[in-house]
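Trainee: I would like a close look at one part of this model, the packing of a pair of helices. Please go through it step by step and then place it in its surroundings.

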Amino acid sequence: MRVSTNTIFEQGIFNLQRVQSQLVKAQEQVATGRRALTPADDPVAAARILEVTQSKSINDQYARNADSATASIGLEENALTRYTALLQDIKTLAVGAGDGAQTPTDLKILGTELRGRYAELLGAANSTDGNGLFLFSGYQGTTQPFAESASGTVVYSGDQGQRLVQIGAARQIAVSDAGSDVFQRVRTGNGVFETTANAANVGTGIVGKGVVRDAAAWAAAGNPNNFEVRFSVDSTNVPPRTTYDIVDTVNNLSLTTGAAPAAGPYLRPYQDGATITVARRSPPDTNATAFDYGIDLAVTGAPASGDRFTLAPSTNEDIFATVNQLIQALETSAPGATGNTRLANSLNAAMNSIDNALDVGLSVVASVGARAKEIETSRTNSADLGLQYDTTLSGLRDLDYAKALSEISFNTVALQAAQKTFVQIQGLSLFNFM
Amino acid sequence: MSGSIFSIGVSGLNAAQAGLLTTSHNISNVATEGYTRQTVIQTNRDPQFTGSGFFGQGVEVDTVRRQYSQFLNSQVLSAQTQASYLDTYVAQAQQIDNLLADPSSGLSPALQGFFSGVQDVAANPSSVPSRQSMISLGQALVSRFQAIDARLSEIREGVNTEVGGIVSQINTLASQVSTLNRQIVNSGSTEAKPANDLLDQRDTLIADLNKLVKVSTVPQSDGSLNVFIGSGQSLVVGNTTFSLTSRRSTADAANVEIGYVVGGATVVLGEDSLQGGQLGGLLTFREQTLDPAANEFGRVATVLTQTFNAQHRLGQDIKGVLGGDFFSAPAAVVQSRTGSNGNTGSGVLTATLANVGQLTASDYSVTFTGGAYLVTRLSDDTQLPFATLPQTVDGVAIALASGTPANGDSFLIQPTRYAARDARVTIADTSLVAAAAPVRTAGALANLGTGKISAGVVSSVANLPLPGNVTFTYAQASNQFTVAGAAPAAGPFTYTAGSAISFNGLTVSFTGAPADGDTFTIVNNTAAVADNRNALLLGQLQTVPTVANGTASYQSAYSQLVSNVGNDTHEVQVQSTAQDSLVKQTREAQQSFSGVNLDEEAANLLRYQQAYQASGKVLQIASTLFDTVLQIGR
């Protein structure tokens, strides 16, 4: 083929430029450590890099969120631990007060000690975090959740919101609990119903907290849920014979007779400590209609004629009211059998509530602990995931140095060869021989 | 006889001299761009008939001819116009390519920064520094939007300026071609005796013109060449030229368009008709890469600001007031056609963003013809005829604000083009960040059941703040919640554990076993400085697919843009490399035929030198012969 002199030049230069541009690109890759210098080099990888980078940055954010959640939840755990320890303390004091060896003066001293505990309880419920935000006020971080509106009456000013922290793409974890759920939603009695001795009782009958024998029967529709156990002592009998009746106070009916309540003596005989069941026992009951309201209770001691014990559904009572009632009972205790009986009944009621409060407190502690564990797990996951993202990113972005460097040395050789031959061919001219 | 020998010798001398002249001309033009190798065409003279037969009469130089192939030349031209088209496209596309995915200057770092600011507020809703940092990072995001948009506008202005420059170059080259046409015609150049060097010059001009825009040529019998561009518009006819002009587009003032001036009027040349060359590269780049990129980028800005605002408005700031807009609301732009072919009616069109999730990255044109509106989606030329306005197309509500359009009036709607430029953060006061939700819920303390109410979700603030507490009371007999205090009134609702109860823009759900008479309340979320529920929802927007009918998150929409630009660039780069090889090959073929080879010329030099010397010898011998005859007479 005929070759023009221009072509020889152009071709030589074209080849030199091609190899040079490859060299420059490889050099830039080595200098930046990046395989793809612009999206055009690998459009798919460029888009993936952007998305993986975002995923990584979100993952890092979740890890930071988990740190902050751990801090918050740690503070709550501390406050709750303090609170449950205080409850144990108060319970110990209440047990000590009920051992029968205390004089009214001793009890007053115990009452004073309990007032200190009461203040501590209030302090625990008003705990703050490092930023001065109250832990148990729900969303209203700057509102003090618990304050005494009157002596012994504590009002909750927070709300029932739980503060959440995002620790995973689909996981928001609660880092606070509302004060109302921890300190206020505490059931009285045995959690289902509550037994109370009438304040006018003069006998020595002490009522137990009762048991639910048949939860379905208790919850069934038509169950009045409010009863009274009324005692009558027939002192004409020798020894005096104690009988009792169970009255449905909603409908004002004697359950044993099925008629309106009458004066004693009643149909059922009383035996110290024996089960009083709120269901028909025939005989001695004469009620034609069978009934079973699913609960049993027991009374110990010797109730006097006209003594009454009420049975009502449990209500929520805040721990401050419970402790306050305990203090009142201790400080107003009277000497004598009647006074001791009243104190015993009050202590029983208070201890039931404190036990329930402990249950609530400990279950919140357990839930907080479980959340702390979950946050920890999530943080470990974040770290693992972060590592995976790094690997993915590296695969998408980073240069294979061995390949790039060998390419550079290969291209260098090629460029040198091209330069040398170019010069040689240019030297060939017929004019050299003329 | 000797006279004849003389005359033969002289003809040989002349022919050898012509050969030497042409060879020297070739050698001296070896590096001249567009030069075509010339050769001397010589023939033997007609013989003289004698009784002894035919005697040759020597040599005659017929002409000097270019080694020119129309076929090879036009191959080079068509390869070259495509190559300069691709070169220009690549050079422009690379600018956007480099801009978007730079790890430090692209949008991604600012986007991620902003959302980690939002997450910070979610983690510490009452912290003023966190709120300040969210606002500052929002401003950083907005200024990144603006910076990238400004760069895209700069590239667009660059294209406009270059188009103007190229148009005037085309005009200059065209007038030079017409001048040469005249010179060639006047020089008396014919097919048999061509004015080689003038033809070379004209071919070079055509090649230059061809690098600017693809042209077609038709040679005329008088030797002149007519040049056409676009869809057959004549640029040069004989020695007359027609000129192109560049001016602001009457449809879109941001762009420069190209007009063809004929008879004092200007006809707009469509972008599709001007192909190849640098001009074609610029126009195609603008239409196929720059416009979609700017629109797509604007769409990310539009959807981000709008969806973020929407969620922000569902929240409540630290003072207990319902949230406002965090970003300024971006608006669609409507341009009426202006200029000599501008709108004649009084109709004013408005376009509002009705549903940002449905937005496409396209512009729309609305033309009023025959009493109806024809809406065209410009990205794919889908035509949607409507008898009346308002209409909503792809999430854009188009309405006639005032006046009446005249037949043929046309409007350009750009829903997202300027969103990135116009984005602002409207909040400066840290207390205005709406991190909290506007309502909260509670179960009454006296409740005896285990029923719980969820924290509640707000989907509309039309009925907020609540005029008073909303109380749900459970009735066991009917298994229903009655609702008191809701305005407008709502309920009763049958209780199903965990299922959502929605009313007045609020949604709550109940779980557990509520007891008869248990009550739950929804109240205004006053003093809720530690509530972060709305901040959490704002933070989640980062990964929620909100763009393009819920198929892409902000980041993935942006990634898609980067990938599209990368693909475009990659594609034209590959094509450009291939085209360069093609140019090289066609040039090689053309040069192989028409180019000067110095070795060949050196050989020719020797050949013609020897021929010249030999002819000289012939003259010398003829002279000797003549002397011999004279001596006979002495």
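**A helix pair in chain B**

Mentor: In this predicted model, helix H6 (residues 277-313) of chain B packs against H9(B) at an angle of about 175 degrees, and the two axes are 10 Å apart. Angles over 145 degrees count as roughly antiparallel. H6(B) and H9(B) are therefore roughly antiparallel to each other.

Now the residues that make this contact. From H6(B) come B:Gln288, B:Thr289, B:Pro292, B:Ala293, B:Glu296, B:Phe297, B:Arg299, B:Val300, B:Val303 and B:Leu304. H9(B) contributes B:Tyr554, B:Ala557, B:Tyr558, B:Leu561, B:Asn564, B:Val565 and B:Asp568. An α-helix has 3.6 residues a turn, so residues three or four places apart point the same way. By type, the residues of the contact of H6(B) with H9(B) divide into eleven nonpolar, three polar and three charged.

H3(B) has 16 residues and reaches 22 Å from its first C-alpha to its last, close to the 22 Å expected at 1.5 Å a residue. A residue is buried if 20 or more other C-beta atoms lie within 10 Å of its own. In H3(B), 14 of the 16 residues are buried, so this helix is largely enclosed by the rest of the structure.

For a residue elsewhere in chain B, take B:Gln169, which is found in helix H4 (residues 128-186). B:Gln169 counts as partly exposed because it has 17 C-beta neighbours inside 10 Å. The C-alpha atoms of B:Gln169 and B:Leu212 are separated by 8.2 Å, while the two residues are 43 residues apart along the chain.

Last, the partner chain. Chain A is divided into domain 1 (34-188 + 315-398) and domain 2 (195-314). Their C-alpha centres lie 41 Å apart. The contact between these domains takes eleven residues from domain 1 and ten residues from domain 2.

Conventions:
Residues are numbered from 1 along each chain as its sequence is written. Chains are lettered from A and ligands numbered from 1 in the order in which they are written. This is a predicted model: local features need pLDDT of at least 70, side-chain atom pairs count only at pLDDT 80 or more; totals for chains, interfaces and linings use all residues. Domain bounds come from an automatic or database domain assignment. Two residues are in contact if their C-beta atoms, placed from the backbone, lie within 7 Å. Helices (H or I, at least four residues) and strands (E, at least two) are DSSP runs, numbered from the N terminus. The expected span of a helix is 1.5 Å times one less than its number of residues. A residue is buried if 20 or more other C-beta atoms lie within 10 Å of its own, exposed if 12 or fewer, and partly exposed in between; C-beta atoms are placed from the backbone. Axes are lines fitted to C-alpha atoms, for helices over the stretch in contact, and angles run from 0 to 180 degrees between N-to-C directions. Angles under 35 degrees count as roughly parallel, over 145 as roughly antiparallel, 65 to 115 as roughly perpendicular and the rest as oblique. Ala, Val, Leu, Ile, Met, Phe, Trp, Tyr, Cys and Pro count as nonpolar, Asp, Glu, Lys and Arg as charged, and the others, Gly among them, as polar.
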